[in-house]
Amino acid sequence: MRRKDEALRETLLKTARELIAEHGPEAINIRRLADGACVATGTVYNYFSGKEDVLFTLAEAYWGEAFQAMPAELTAPDFVGQVGQIYGMIRARMDDDVGSLMRSLRGASPEGRARMVRTQHLLSAALLRLIEADTRIRPDVWSGALTRETLADYVVMNLFAYLSHRVESIPVFMDILQRV
């Protein structure tokens with residue numbers, strides 16, 4: 001079996017990013033991607049199973065980098081304030097090219113939806129670290145059902161629900177978290 005060239009894979013992804021920036025995610029197709037990277041159409045299939053795979057790979061890379069850099073960008077002293085900042089950061093990103101990319105993935109295949117869930121787990125993990133670091137959260141708040149992990153998952157679920165409805169601000173949700 002022939003080894004894949006990581007530099008070519010990155011060229012394909014860079015070409016896909018450029019196509020999205022210029023024409024939107026609907027402009028992505030394997031032939032256009034191959035032409036932009038100056039390779040044969042079949043070569044693209046050595047790296048990606050199709051358009052959805054390319055788009056999910058871009059989304060996963062984008063959110064992985066964003067969630068990893070996120071803690072350094074947070075200035076709020078507590079978890080609740082940090083959640084508000086995170087919502088603002090994600091919402092701002094959804095207004096640029098990544099927003100159109102994410103909207104194009106709404107009708108994803110079951111495998112694509114599973115990839116979305118894995119990406120959301122990256123945010124849950126980042127939130128869990130923030131919860132664990134916040135000494136202001138009362139220790140008696142945790143129970144059998146409400147654990148640090150379930151709170152992180154609950155926050156992610158609600159953040160993405162608000163984002164999908166393009167809600168400007170989330171004061172009720174923030175109040176609920178403050179009460180915890």
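Helix axes here are lines fitted to C-alpha atoms over the stretch in contact, and the angle between two of them runs from 0 to 180 degrees between N-to-C directions. Helices themselves are DSSP runs (H or I, at least four residues; strands are E, at least two), numbered from the N terminus.

What you have above is a predicted model, in which local features need pLDDT of at least 70 and side-chain atom pairs count only at pLDDT 80 or more, while totals for chains, interfaces and linings use all residues. Residues are numbered from 1 along each chain as its sequence is written, and side-chain values use heavy atoms, with hydrogens and water left out.

**The chain as a whole**

Let's start with the overview. The chain has 9 helices and 0 strands, and its C-alpha atoms fill a box of roughly 60 × 35 × 30 Å along the principal axes. Of its 180 residues, 41% are buried; buried means under 20% relative accessible area, exposed over 50%, and partly exposed in between, using a 1.4 Å probe and protein chains only. Contact means heavy atoms within 4.5 Å. Among contacts between residues at least 6 apart in sequence, 68% join residues at least 24 apart.

**The core**

A nonpolar core is a set of buried Ala, Val, Leu, Ile, Met, Phe, Trp, Tyr and Cys residues joined through side-chain atoms within 4.5 Å. The largest one holds 53 residues, and those touching the most other members are F79, V83, I86, L123, L127, V155 and L159. Helices that each supply at least two residues include helix 1 (6-23), helix 5 (79-94) and helix 7 (110-133). The biggest share, 9 residues, comes from helix 4. Setting aside residues up to four places away in sequence, L123 touches F67, M70, I86, I90, V156, L159 and F160.

Helix 7 has 24 residues, so at 1.5 Å a residue it should span 34 Å, and its end C-alpha atoms agree at 35 Å apart; the expected span is 1.5 Å times one less than the number of residues. Its buried residues include G112, R115, T119, L123 and L127, and what covers the buried residues of helix 7 includes helix 4, helix 5 and helix 8.

Helix 7 and helix 8 pack at about 130°, with axes 8 Å apart. That angle makes the two helices oblique, because under 35 degrees counts as roughly parallel, over 145 as roughly antiparallel, 65 to 115 as roughly perpendicular and the rest as oblique. The crossing is right-handed, the term for a near helix turned clockwise from the far one by less than a right angle (anticlockwise is left-handed).

On the helix 7 side, the residues that meet helix 8 include Q120, S124 and L128. S124 contacts A152, D153 and V156, leaving aside neighbours within four places in sequence. Across the way, E149 lies in helix 8. E149 and L127 are 22 residues apart in sequence and 8.8 Å apart in space, C-alpha to C-alpha.

| Residue | Relative accessible area | Class |
|---|---|---|
| S124 | 8% | buried |
| E149 | 43% | partly exposed |
| C38 | 71% | exposed |

**Two loop residues to look at**

Most residues other than glycine have a negative phi. C38, which is not a glycine, has a positive phi of about 60°, and C38 sits in the loop between helix 2 and helix 3 (41-45). R166 also has a positive phi, near 55°, and R166 is placed in the loop between helix 8 and helix 9.
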